[in-house]
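Good morning, and thank you for joining this group meeting. Please look at the sequence and the structure as I bring them up.

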Amino acid sequence: MLRAGIAGTPAAARAPEQPGDDGRLQLFAYLQAQEHRTYLAIMRLFTSTLLADLSAGEVAAALAAAEREVRVAPGESDVDTVIDRLKQLVRWGNLVVGRRETIASSIAEFQHGSVRYQVSKLAVRVQRDVDALLHVPEGAREVSRELLPAIDRGLAAIGTALSDALTAESRDPNGKAARQARERLAEQVTTVFLQHAELAATVRDFYAYLGQVVTRHQLAPDEISGFRNLLVEYIQMVVEDVLRHTETIANSLAGLAEARSELLRLLGPADQLGTDVERARGRAAADWQELTDWFVDAPGRPSQVAALREATARAIGSLLASVKRATSGGGLVPGRRGELLKLAKWFDDSDERTSHQLYAAAFGLHSARHLQPAPDYDTDNDKVPWRDGPVQDVTVSVRSRGDRGARGRTSRVLDDPMTEETLLQEAREADQQRSAAVAELAGARIGEQRLSPEALSVLCELLTLAMAQRDGSDDVGSALDPVHRLRVTVRPEPGRETRISSAAGELTLRDTALELAGDGTVPNSEGATR
C-alpha cells in the first residue's frame with residue numbers, strides 16, 4: 001500500500017492568473033473540437049455539483065455510463081484517453097489541477113488518484129450558457145411584461161429604503177437598526193436589477209426572433225395570419241406596457257440620481273470578501289447609468305424604449321409588405337414557394353436514378369444539353385456532383401412569376417444641390433493638386449531635385465504613356481498632358497543613367513534620357529481658341 005500526501009496552497013491560490021481576452025476565448029475551444037461530445041460530458045460532470053474535485057479515474061467511470069448510452073464515442077472512457085482530454089481542458093483554461101492525499105495499491109493507481117481537477121470560475125459560466133443555449137426552443141420567447149410594474153414598485157421601494165437607512169445611520173451608524181436598513185436596501189437593489197436583466201433579455205430574444213422571420217420574402221398564408229396576430233396583438237400589448245410604466249420609472253431614476261453617491265456608499269463592499277471581487281449589479285455607478293439609459297433618452301443616445309418602438313414599426317412595415325406581395329394580382333399566391341417545397345420533398349424521397357430523372361424533368365437540363373454559357377475555366381466539372389457545384393442566383397421575379405421581365409418604373413433622379421456642391425468642391429481640390437504637381441515637375445531639375453509624391457505620380461503616369469508609344473527599345477517615346485501642356489520625352493542614349501529621387505525612393509532609367517517640355521500652366525480659354 002502506498003500512502004503519500006502533497007502539501008500545497010489552496011486551489012484558488014494555485015489557479016493561473018486571470019487571462020486576457022484571447023485567453024478567455026480559449027474557454028470556448030472545446031465546443032468546436034472534434035471530440036466535443038466527450039468534452040461536453042466532462043464539463044457537465046464538473047459543473048453538476050458544487051466544489052467538484054474529481055480524478056481521472058472518477059471521470060472515466062462517469063464516462064463509461066455515457067459510453068454505454070452512446071452519448072460519447074466508443075473508447076472515450078479509457079483512462080489514458082480521459083487523462084489526455086483533462087490535460088487539454090487544463091491547457092484551454094477550463095480546468096485547474098490540484099492534488100489530494102490518497103491511498104493506492106499501485107503506482108499507476110496513485111498517479112491517477114492523486115491528481116485532482118477542479119473547474120475554473122469562467123468555465124462554469126461558459127458551460128452554463130452552453131446548456132441554456134442547447135435547451136432554447138426555436139420559437140419566440142415570451143416577453144416578461146409583468147416585470148415592468150415590479151421594477152416600478154421596486155424603484156419606489158429603493159427610495160423609501162434609502163431614506164430609512166440614512167435616518168437609522170444618523171442615529172447609530174453601527175447599530176442593529178442601521179445594519180438591517182442597509183440589508184433591506186441591498187435586497188431591493190438586487191431584486192430590481194435582476195428583474196431588469198430578465199426583462200431586457202426577453203425583449204432582446206423576442207425581437208431577434210421577430211427580425212429573423214419578418215425579413216423572409218415568401219410567407220405562407222397561415223404564417224402571415226400567425227405573424228399578424230403576433231404583431232398586432234402581442235407586440236402592441238408589450239409596447240403599451242413599456243410606455244405606460246416608462247414615465248414613472250424615469251421619474252424614480254431621476255430622484256435616485258440625486259442621492260446616488262449615498263446609495264452606493266451604503267451598498268459598499270463587504271469587508272469579508274475584500275475589494276477584488278465581482279459584485280452584484282447595482283453596486284456601481286455604471287450599473288445605474290445603464291439602467292437609466294434603458295428607459296430614458298439622452299442627447300445623441302436614444303433609449304432602448306425608443307429602439308423598441310422603432311423596431312416594432314419596422315416589423316409591422318415588413319409584415320405589411322409581405323401581405324401585399326402575397327395578395328397582389330401581379331403573380332401567383334404566394335409565389336413558387338409551395339411548388340419548390342413539394343419538389344424538394346420529391347428529391348428527398350427518391351433514389352439516385354429517380355433524382356436525375358426528376359431533375360431533368362423539372363429543370364430541362366439533360367446531360368447532353370447545355371443552356372448556360374461556357375464556364376470561365378477550361379477544365380470540365382464532371383467530378384463534382386450538381387448539388388455541390390456552383391450556385392446560380394435566381395431573381396425574385398423568376399421565383400414568384402416565372403419570367404425575367406422588369407417590374408416597376410424607373411426611379412426619378414433627385415436634385416441634391418448639397419451633394420453636387422460637395423462633388424464639385426472635391427473635383428476643384430483634385431484639379432488644384434494636379435496643377436501644383438505638374439508645375440513642380442515642370443520647374444524641377446531631373447536628377448538634382450527631390451520630387452514630392454504628387455509630382456512623382458504625375459511623372460510616372462506620363463512616363464508610362466511615353467514608354468507605351470515606343471515599338472522597340474531604340475525608339476523615342478513621348479506623352480503630353482493635354483490640360484497643363486507638359487510633355488515628357490524618352491530618348492534612348494547608351495551609357496546614360498537618369499536618376500529621379502523622391503520621398504518614396506529612387507527611380508533609375510538606364511541608357512535613357514528624359515526630357516520635360518512646357519511650363520505646366522493651364523492655358524486660358526482665349527489662348528486655347530487661338
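This is a predicted model: local features need pLDDT of at least 70, side-chain atom pairs count only at pLDDT 80 or more; totals for chains, interfaces and linings use all residues.

Let us begin with the helices. Helix α3, residues 36-47, and helix α4, residues 56-68, have axes that come within 11 Å and cross at roughly 115 degrees. The crossing of these two helices is right-handed. On the α3 side, Thr-38, Ala-41, Ile-42, Leu-45 and Phe-46 take part, and they meet Val-59, Ala-62 and Leu-63 of α4. Sorted by class, this contact has seven nonpolar residues, one polar residue and no charged ones.

We turn now to charged side chains. Side chains of opposite charge can pair when their charged atoms come close. In this model the count comes to 21 salt bridges.

One of them joins Asp-241 and Arg-145, with the closest N and O atoms 2.3 Å apart. Asp-241 belongs to helix α10 and Arg-145 to the loop between α7 and α8, so this pair ties together parts 96 residues apart in sequence. Is Asp-241 buried or exposed? Asp-241 counts as buried because its relative accessibility is 10%, below the 20% limit. Arg-145, at 25%, is partly exposed.

Another salt bridge is formed by Arg-265 and Glu-169, at 2.8 Å from N to O. Arg-265 lies in helix α11 and Glu-169 in helix α8, 96 residues apart. Here Arg-265 is partly exposed at 44%, whereas Glu-169 is buried at 17%.

Finally, Arg-496 and Glu-493 meet in a salt bridge of 3.4 Å. Arg-496 is partly exposed at 38%, and Glu-493 is partly exposed at 35%.

Notes:
Residues are numbered from 1 along each chain as its sequence is written. Side-chain values use heavy atoms; hydrogens and water are left out. Axes are lines fitted to C-alpha atoms, for helices over the stretch in contact, and angles run from 0 to 180 degrees between N-to-C directions. Helices (H or I, at least four residues) and strands (E, at least two) are DSSP runs, numbered from the N terminus. A crossing is left-handed if the near helix is turned anticlockwise from the far one by less than a right angle, and right-handed if clockwise. Contact means heavy atoms within 4.5 Å. Ala, Val, Leu, Ile, Met, Phe, Trp, Tyr, Cys and Pro count as nonpolar, Asp, Glu, Lys and Arg as charged, and the others, Gly among them, as polar. A salt bridge is a side-chain nitrogen of Lys or Arg within 4 Å of a carboxyl oxygen of Asp or Glu. Buried means under 20% relative accessible area, exposed over 50%, partly exposed in between (1.4 Å probe, protein chains only).
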